[in-house]
Amino acid sequence: MANRTAKKAPIVRLPPKSNVEIFLAQAAQVSVIVIGIIALVFALATGEYILAPISLGIVIGLMLGPIAARLERHGFPPGISATVVVLIFIFAACLFALALAAPLNFWIGRLPQIWSDLQGQLAQLRQPLQALNGIREQLRNLTGDGGVSVSLDEGMGLESLATLAPAVIAQILIFFASLYFFVATRHQTRVAILSLFFNRRLRWRVAHIFRDVESLVSRYLISISLINIAEGFAVGVGLFLIGIPSAPLWGALAALANFVPFIGPAVMVVILFAIGLAEFDTFGGSLLPVAVYLAINMAEGQFVTPMVIGRTMTLNPLVVLLALVFWIWLWGPLGGFIAIPALLVAYAVVRNVVPGLNWGDDAG
């Protein structure tokens, strides 16, 4: 038999890529990533109406998950434990509302007096305000601005209220539904997601991601709750020392308001300014409660929270700050509450996918 020589396919050697081709290939990959990030941000902003209450429900579910787990260890089915968790949350919210209702009602009854005092205090600023008006008129003459006229529709307020109320009610219902179903089906969801991965090592990594998410978010919520309680206590003591009545009430309200970054402290400044007007005879004295609160709040915001939360979560304080800014810009005050839990979820994923990457000051 004649020896047949097998024909081999010719080897084609491509010329090496030039630096321009390598740059274009890398630029294309970066462009795809940037486009994906922009699309994700756009989707989050567009879906705020639904995604924000769902995310809040998941965050609260992670916080109250240990209660449901303890009930389930005692033989309660997941549906009952989820119902108990929802009822506990509703009870806590109603308890806060009832505790604040009576003192706030007392102070609301004093609003006419506070308004009268405000008019008297503003009379002291008449001359500085007249000087500011003169400067504004001079600037208007220089720029040729004749002023801007604004017309308001008388029925606009009622129409906005009629449109806003159903939306708020719908978001509340979405929140409670998300909270209940997340707690009730969290184990089934975990098993279903793990079953999608056939690789044992990959399944092990995903299981660790679930574990780290629950641990990190719970630790964060405990830390921020302790910080807010400490701030509320400090505000109550500070207001008591300067002679403000109902100081424990304002301390509790300050602790509660601090869960809503920026908006909560701004509301507290307005409330304490009104309280100062009712309790002090001079305009400078009415600013004293505001000064006490701002001093404590700034110390907490600039030093305590970035250091405690950053170190507890092994996250760089700058990353924490950027996450807060991004989510508040995206979803407002609600985004400020979701910001760090969302960052911790991303951190848990990245830490298990890329073990060598460290976002914090020390190893986690």
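I began with serine 246, which counts as partly exposed because its relative accessibility is 30% (buried is under 20% relative accessible area, exposed over 50%, partly exposed in between, with a 1.4 Å probe and protein chains only). I am working from a predicted model, in which local features need pLDDT of at least 70 and side-chain atom pairs count only at pLDDT 80 or more, while totals for chains, interfaces and linings use all residues. Residues are numbered from 1 along each chain as its sequence is written, and side-chain values use heavy atoms, with hydrogens and water left out.

I found serine 246 in the loop between α7 and α8 (247–257), where helices are DSSP runs of H or I with at least four residues, numbered from the N terminus. Serine 246 is not a glycine, yet I noted a positive phi of about 55 degrees. Most residues other than glycine have a negative phi.

I then turned to glutamate 300, which I located in helix α11 (residues 288–312) and which counts as buried because its relative accessibility is 9%. Setting aside residues up to four places away in sequence, I listed Ile227, Glu231, Asn258, Thr305 and Pro306 as touching glutamate 300, a contact being heavy atoms within 4.5 Å.

Next I looked up the largest nonpolar core, which has 33 residues, with Ile60, Leu179 and Trp331 making the most contacts inside it; such a core is a set of buried Ala, Val, Leu, Ile, Met, Phe, Trp, Tyr and Cys residues joined through side-chain atoms within 4.5 Å. The core lies between domain 1 (75–120 + 176–196) and domain 2 (212–358), because both give residues to it; the domain bounds come from an automatic or database domain assignment. For tryptophan 331, leaving aside neighbours within four places in sequence, I recorded contacts with Leu44, Ala45, Glu48, Leu51, Ala52, Ser55 and Ile338.

Last, I examined the largest pocket, which holds about 1,200 Å³ of space. A pocket here is an open set of points on a 1 Å grid over the protein atoms alone, where a 1.4 Å probe fits, with protein on both sides within 12 Å along at least five of seven lines, and lining residues have an atom within 4 Å of a point. Of the 30 lining residues, I noted Ile60, Phe89, Leu256, Phe259 and Phe337 as the closest to the centre of the pocket. Helix α2 gives the most to this lining, with six residues.

How values were computed: Helices (H or I, at least four residues) and strands (E, at least two) are DSSP runs, numbered from the N terminus. Grid points are joined across faces, edges and corners, and a volume is the space filled by probe spheres set on the points.
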